[in-house]
Amino acid sequence: MKLAYWMYAGPAHIGTLRVASSSRNVHAIMHAPLGDDYFNVMRSTSERERDFTPVTASVADRHVLARGSQEKVINNISRKDEEQHPDLIVLTPTCTSSILQEDLQNFVDRASLSSESDVIPADVNYHRVNELQAADRTLEQIIRFYMDRARKRSTLDRSVTDAPSANIIGIFTLGFHNQHDCRELKRLPGESGIAVNQVIPEGGSLKYLKDLPRAWFNTVPYREVGLMTAAFSEKEYGMPYISITPMGISNTADFIAQIGKLVNVWAFALPEKRLNYKLYVDNQTKFVSQAAWFSKSIDCQNLAGKEAAIFGDATHAASITKILVKEMGIRVSCSGTYCKHDAERFNEQVQGLCDEVIVTENHTEVGDTIARIEPSAIFGTQMERHIGKRIDIPCGVISSPVHIQNFPLGYRPFLGYEGTNQIADLIYNSFNLGMEDHSLDVFGGHDTKEVSTKSLSTDRRDINWTPEAESEPNRIPGFVRGKTKKNTEVFAKGNNISEITIDVMYAAKEKSSP
Amino acid sequence: MKTLEIPTFECETGNYHTFCPISCVAWLYQKIEDSFFLVVGTKTRGYFLQNALGVMIFAEPRYAMAESEEGDISAQLNDQKELERICLRVKDDRNPSVIIWIGTRTTEIIKMDLEGIAPKLEKQLGIPIVVARANGLDHAFTQGEDTALAATTHRCPEYNHRTTNQQKGDVVKHIVVDVVSDDKSLDEGGKSNRCNLVLFGSLPSSVASQSNLESRRQSVSVSGWLPSQRYTELPALGEGVYVCGVNPFLSRTATTLMRRRKCQLVGAPFPIGPDGTRAWIEKICLVFDVKPDGLEERENQIWKNLSDYLDIITGKSVFSMGDNLLEISLARFLIRCGMVVYEVGIPYMDRRYQAAELLLLQHTCEKMKKPMPRIVEKPDNYSQVQRMHELQPDLAITGMAHANPLEARDIDTKWSVEFTFAQIHGSVNARDALELVTRPLRRKSDSVLGLDCRSLSRQTVDV
Ligand code: SF4
């Protein structure tokens, strides 16, 4: 058992449900007790969904415990089949089914005999994978199911489209800015002469999955979900894929260069002449995206050398780290992710870009690290935003988990060229907010503000400050106040001093100044 | 006399959305200030809590998950050792006066013996450990509070005359502070000694003291609350103590109080709405043989103050999908306000515990010349949505999973959870309750959208 207050990635079934409810006309039936259908609330409120979330529970109650849920699950499947005629019903296990060790495959086999819809059990192990891994797996499972079936029935269309085209894999419900990213992503290859064949799973219909191989290649914008599907299509159907996330100017350029490489392989077969991707990138970078110009401007110069801490999922944390360091000259003191399963690759990507890498699912560890570093700005999830609030450091939200305010109605992609603009704003505003606060402090604006100790751990403090000493740090500008205070405490501890007076403060200061 | 329309109860499939009973932690930890809640379960539970509680989670709450891992489930790890380790940490970090373990379905299914382990750890750690099994393979939302309170009941001190008289001193002092302006409170010390009335149900402290005040006005003083503001102040229980519930979902607590602690249950309607509040007090007065004073005028006055809201809702229809067990009392109040209630969904209906409330509902329907609503236990949300399409109610009281989709289909909705968290008890808060009910209706008439935005969904109606 472990003591936990907060988790970054949800339980496995959430991932399965997110994928299932993103495709058109797919219904998920959860094998779960009453109250576990909280997913519907999340989707309906956070995404402000207009339609009923296609997820129902096959409620596991006492009755089920005594006799098993076979009949009930099967009845629920047939009922959904009749009521709503979905193309596919995904039977979704929860921890309950994993504890009860029921044979879902067997239920599914029986239910499919009488049902018009296809029925599959989501093949995820509750205890071994989290939300993101489960989503990745479920997506692959569904695609595999339909592509393999089409192949068996020889309806699979393997002739590539005449003009170059791509599939976009991994856009789905409750994803961080996914809807906006999707729009931007469609535009990105579109402008460089490439059509979008299909977007999966969001809004896609299973009927068309047989046409997936018609695309020239796949793109997987987010590392967390879609890679398994892409790898499967490469292995079984020979489709190449691009797994670069086009976030930030240089990543986007790399992304387009990859497209160029893949497309120009076929150049001889193209009716028109080769596309010049370099020219396109150049033009976009200089004039469509403001980010390149921004990094040259005086504003950005002022940010040079400032410190930031970054935490989030692997995709966003790595990309933002790269943007801050390479495109804006900001110093990243710490970059981290909660995607433990992708740690190796994450390390590789941020290698050399930051002072410290942290891979953990424990938010207190993240909080304590940030408190120790005291960056000028944080870029993280909602959790880091709240950490920032407590220790008075501005935070820009760059990754799930998020709240409803991170599902903006306005157009806010993180990917592509428009994405670079949005990110530049986000970063600049976060830093600026902090600076404004500090200059107010310097000019005595906030002199009643309480001293922040900038520590998040629950350690009880065993050091006392005398009232005079306590008020002393208030005369120091805010942005160094925390550090001064902490240095003093460290000094006191080191010298076995239990009460901090003004004298102790100055002694500490002497010690620490060069 | 015309015979009353007898309520008929239907029972559907139980396929409905509700919160898991462990969500009671959210308000109970705030109510019992020196407590710590430890939810023993899997990730699903924790994820639910953190999403359901939103911002609260960041405020260093006094609750946490003991998250079971694969090893726990296959019983490789020793449950007791694991819980001991975790509780020790909680003790060190927060030093609570009580740790309340909330058992979940996981502990239920794998038959973790929380009740057996608790007394051992309690001795070892020197902190009381209360075990509440949300035991809820079939329990909903607010019933979580019921299990927690029922478990706490056993920890209340035994009632005997000497100790209670001492305590009484404190209580009276405390109440006088609340009602300085009320001259009656000072001259009836003798009378109040006769009644040992403990109210059960967790209400925000301001609402609790309003209720104290209301009954005080009738010379009945409340000698304690379950739960109290602090664990260390739990009320004394035993023979000779009268207990009365303030919420409709506390049937298990009521039973425990009667059977295990030998208390006398005052079966009354619940103090929701001015009508409910009056009936509630009247019943208490009856039990203590006190003549109620000025209740009718008081109720009329309150209705008068509500007239602007009543104008908005009179004649409008409501469909309540059901998820928190407040539904019957709320329907009764709304009918008294002049609304027509088509259907009352309710997760679970304890006809004995809610008997007085049901009776009041019947009387209210008759008085207001409104049909008795259809009462559906364990409703089926899918069928309910179908029925709603036919009935086209003016307002649906529903969970968050259905609210936006219904709005997109031009049915105004009110989130049912708000009734759980808002202050709706007592005459004073009747306005707040109506404020909630009328909000969607007011918004509509104010709407400036000239366009036809009646249906904003592309999905076909029958889905
Ligand atoms: S075992 Fe799963 S379904 Fe059951 S209570 Fe725990 S989280 Fe919920």
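**Interface and fold of a two-chain model**

Biologist: How many residue pairs are in polar contact across the interface of chain A and chain B?

Modeller: The rule finds eight residue pairs in polar contact across that interface, both residues being at pLDDT 80 or more. A polar contact here is a pair of N or O atoms within 3.5 Å; within protein, one must be able to donate a hydrogen and the other to accept it, and residues adjacent in sequence count only if both atoms are side-chain atoms.

Biologist: Before we go on, what are the ground rules for this model?

Modeller: This is a predicted model, in which local features need pLDDT of at least 70 and side-chain atom pairs count only at pLDDT 80 or more, while totals for chains, interfaces and linings use all residues. Residues are numbered from 1 along each chain as its sequence is written, chains are lettered from A and ligands numbered from 1 in the order in which they are written, and side-chain values use heavy atoms, with hydrogens and water left out.

Biologist: How many residues of each chain are in contact, then?

Modeller: On the chain A side 56 residues are in contact with 75 residues of chain B, where contact means heavy atoms within 4.5 Å.

Biologist: And what area is buried between the chains?

Modeller: About 5,700 Å² is buried between chain A and chain B, and carbon and sulfur atoms give 58% of that. In chain A, Met1(A), Leu34(A) and Phe52(A) lose the most area to chain B, together 18% of what that side buries. Buried area is the accessible area (1.4 Å probe) that two parts lose on being put together, summed over both.

Biologist: How many salt bridges between chain A and chain B?

Modeller: The count is two, with a salt bridge taken as a side-chain nitrogen of Lys or Arg within 4 Å of a carboxyl oxygen of Asp or Glu. Asp51(A) and Arg409(B) meet in a salt bridge through their side chains, at 2.7 Å, N to O.

Biologist: Which strand of chain B does E1(A) join?

Modeller: E1(A) is joined by three bridges to strand E3 (residues 63-67) of chain B, and the two run antiparallel; within E3(B), Met65(B) is the bridge partner of Ala4(A). Helices (H or I, at least four residues) and strands (E, at least two) are DSSP runs, numbered from the N terminus, and two strands pair if DSSP finds at least two bridges between them.

Biologist: Switching to Asp380(B): why does that one count as buried?

Modeller: Asp380(B) counts as buried because its relative accessibility is 2%, the classes being buried under 20% relative accessible area, exposed over 50% and partly exposed in between (1.4 Å probe, protein chains only). Asp380(B) sits in the loop between strand E12 (374-377) and helix H17 (381-391) of chain B, and a polar atom of its side chain lies 3.0 Å from the backbone nitrogen of Ser383(B).

Biologist: What does Asp380(B) touch?

Modeller: Not counting residues up to four places away in sequence, Asp380(B) touches Arg79(A), Glu12(B), Thr13(B) and Asn15(B). Arg79(A) is also joined to Glu83(A) by a side-chain polar contact of 2.6 Å, and the side chain of Glu83(A), a residue of helix H4 of chain A, makes another with that of Lys80(A) at 2.9 Å.

Biologist: What about the sheet with E7(A) in it, which order do the strands take?

Modeller: The order is E7-E6-E8-E9 in chain A, an open sheet of four strands with parallel pairing. Strand E7 (195-201) and strand E9 (241-242) of chain A are the edge strands, each pairing on one side only.
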